[in-house]
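I opened my notebook to look up strands, loops and ligand contacts. My entries follow in short form.

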Amino acid sequence: MCGIVGAVLREGSVLEGLLEGLRALEYRGYDSAGVAVGADGGVSIRRQAGRLEALESVLADGALEGARIGIGHTRWATHGPPTEINAHPHTDGGGRVALVHNGIIENYLELREELCGQGVEFLSATDTEVLAQLVGRELAAGAALVDAVRSTLARVRGYYAIAALAIDDDRALVCARQGPPLCLAVVAGGAFLASDPLALVRHTHELVFLEDGDVATLSPGSYAVVDAAGEKAERPAVEVELDEEQAGRGAFAHFMLKEIHEQPDVLARTAFDRIDEVEGDVRFTEEGWDAECLRSFDRVQLLACGTARYACQVAAFQLEGLAGIPADVDYASEFRYRSPRLSERTLALAISQSGETADTLAALRLARELGARAGAICNVPESSLVRAADCFLMTRAGPEIGVASTKAFVSQIVTSYLLSVAAGRARGNLDAGEGRALLEELRLLRPRLAQLLSRETHARIAEIAERHHEVKGFMFLGRGIHYPVALEGALKLKEISYMHAEGYPAGEMKHGPIALVEPGMTTVVIANKGPLAEKVRSNLEQVRARGGQVICVGSDAPSLALADEAVEIPETSPWLAPILSVAPLQLLAYEIALRRGCDIDKPRNLAKSVTVE
Ligand code: F6R
């Protein structure tokens, strides 16, 4: 949800570095982009609607080369359409400051009215311009940039990460954080800021993470931070493990495809060194998950959004089935708007890839306020969610750049499986032998998943996509632990191909959705061997009987034989089977989107991390 960068150098030119940073952050938003650089006592701003390439071609004239200070922004529109005029950076009427912003200023209308009443003219529809105007007024009254930013933010309600440069000062940048992430890289010749370490690790792996309420001043080779109370704050640099290679696409056409194919390795990275084969148990290096703690809960309240919420639904099956703990799942965005009853014996467990999803963060904070222990399963160690939690487990999926989540989902299911086995062992629900057998399934799953992602299966799915990419719509059906997979299959397809797709529990189909079934409508049925196989098969037959086309994904041979199209998946433990059933659905969505000419890694209207409510 918008990416911001900034750089100030002792010598040289900031422009190419700003653009490189924005390229790394484009996953956060990509409907418009802009930069401002300070030079010769003035500032030059270039902004463009559309992708970063549009801005790059405007900058190709070289006019902004040579500046030593600058800020940049890639936008996911919240206030006002993605036009050039609404693109960041924004300035004040007097041209004293240039400012970029990620987040939302909740009281911007009130502030805007006040400023309009004083004769200020606004050019854009954004909430950000209010900040630029307020900072500009403070500068006009003689304040230093850092003080101008601080007094402006004191008047503001909302979530933001901002960066600003004053037009008459090419030696210092000021940035601030309240909510969305912001980190700094400070080296001898310069200082840099960005919304994500991905944009900074080419300078150094020693990064500084700002905390909520911090305002920082950056100069070449140095930085200073004041906290929310206005006190000087120590924010030492910490070593970040991030492989730049991991963030590249390698030989794959899209990040999404690369990330789908990384899943077998992700599974191994998430699980293998946490398995204690002797005890048939799980050893987490993260604190707060010892046996005593795992015995202390009488209930788990799972909270998340989107794909991570479907992972929560799978986790609820695992926690109840393996550990015998009652588990409920809620949309993080809804949780706050009922009257949740939690106690100190509740584990509130938020699942999030980014750890920055505003609704998930707010839900976990509320759960904590209501007395629950706040746990998180997350992919980003420095994220706000990890910081807000009492205890956390890292999913270790590595950077996920494709906007449609794939490997993060798999890593979340593996992590919740590990947690469920650990809790089952701690609570006496599983003995050592059962624990050992369950954990062995993880080791067996890796080659099965790799086999499923083979060239042959992919080619088969591509053929299916060729026959179905122009149908009227899709319905995805699954039962039990595969119902969330049906939801995820539908979400993947609609996100990246813009086709209408619905996910349903297979048994629910006859209560309404069956009315949609007709020739030209495709139903994807997840049908695995096991106690529900016959029931799913009869749902499949009901669709076929009404002329609907069926794609069957699963290990149940009779169901596969009944379908128009079949993708066979290997058998595995029922608690892990969603990992195998989701992989073909990810590839199906990918192949359909490809045929429909969609921008797979950057689907329209979406952004990778949703830091607004
Ligand atoms: C779907 C997708 C979203 C996210 C959701 C939560 O492909 O990526 O539905 O799953 O926005 O994001 P995180 O996991 O970062 O909290």
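**Notebook: strands, loops, ligand**

I began with strand S12 and strand S13 (residues 222-226), which run antiparallel and are joined by five bridges. I noted that this model is predicted.

**Entry: the hairpin**

I looked up one residue pair here. Valine 215 stands opposite valine 226 in S13. How many residues lie between S12 and S13 in their hairpin? I found two residues between them. Glycine 221 is in the turn, and its phi is positive, about 85 degrees.

Next I checked the link from S12 to S8. Strand S8 (residues 173-178) and strand S12 (residues 215-219) run antiparallel, with four bridges joining them. Threonine 217 in S12 is the bridge partner of valine 174.

I followed up on S5. Two bridges join S5 to strand S6 (residues 97-105), and the two run antiparallel. Histidine 90 stands opposite leucine 99 in S6. A reminder to myself: strands of a sheet pair through backbone hydrogen bonds, either parallel or antiparallel.

**Entry: a parallel pair**

For the parallel case I turned to S18 and S19. Strand S18 (residues 299-304) and strand S19 (residues 327-331) pair in the parallel sense over five bridges. Valine 300 has alanine 327 in S19 as its bridge partner. What do S18, helix H9 (residues 306-323) and S19 make? I found a right-handed β-α-β unit.

I wrote the background down before the cases. Most residues other than glycine have a negative phi, and most peptide bonds are trans.

My case for the peptide bond runs from histidine 88 to proline 89. That bond is cis, with omega near 0 degrees. Proline 89 is found in the loop between strand S4 (69-75) and S5.

My case for phi is arginine 396. Its phi is near 60 degrees, a positive value in a residue other than glycine. Where does arginine 396 lie? I located arginine 396 in the loop between strand S22 (391-394) and helix H13 (407-426).

**Entry: rings**

I looked for charges over rings. Arginine 309 lies over the face of tyrosine 331, at 3.6 Å from the ring centre. Arginine 443 has its charged end over the ring of phenylalanine 272, 4.7 Å from the centre of that ring. I also looked up ring pairs. A search of the whole structure gives two aromatic pairs.

**Entry: the ligand**

How many residues surround the ligand? I read off 14 residues. The closest are Ser352, Gln353, Ser354, Thr357 and Glu495.

For serine 352, a polar side-chain atom lies 2.6 Å from an oxygen atom of the ligand. For glutamine 353, a polar backbone atom is 2.6 Å from an oxygen atom of the ligand. For glutamate 495, an N or O atom in the side chain is 2.8 Å from an oxygen atom of the ligand. Last, I looked up the cover. On its own, the ligand has 410 Å² of accessible area, and the protein covers 90% of that area.

Technical notes
Residues are numbered from 1 along each chain as its sequence is written. This is a predicted model: local features need pLDDT of at least 70, side-chain atom pairs count only at pLDDT 80 or more; totals for chains, interfaces and linings use all residues. Side-chain values use heavy atoms; hydrogens and water are left out. Rings of Phe, Tyr and Trp (its six-membered ring) pair if their centres lie within 6.5 Å; planes under 30 degrees apart count as stacked, over 60 as edge-to-face and the rest as tilted. A charge sits over a ring if NZ of Lys or CZ of Arg is within 6 Å of the ring centre and within 35 degrees of the ring normal. Two strands pair if DSSP finds at least two bridges between them. A residue is near a molecule or strand if one of its heavy atoms lies within 4 Å of it. A polar contact is a pair of N or O atoms within 3.5 Å; within protein, one must be able to donate a hydrogen and the other to accept it, and residues adjacent in sequence count only if both atoms are side-chain atoms. Accessible areas come from the Shrake-Rupley method with a 1.4 Å probe; for residues, only the protein chains shown count as cover. A crossover is right-handed if, with the strands pointing away from the viewer, the path from the first strand over the helix to the second runs clockwise.
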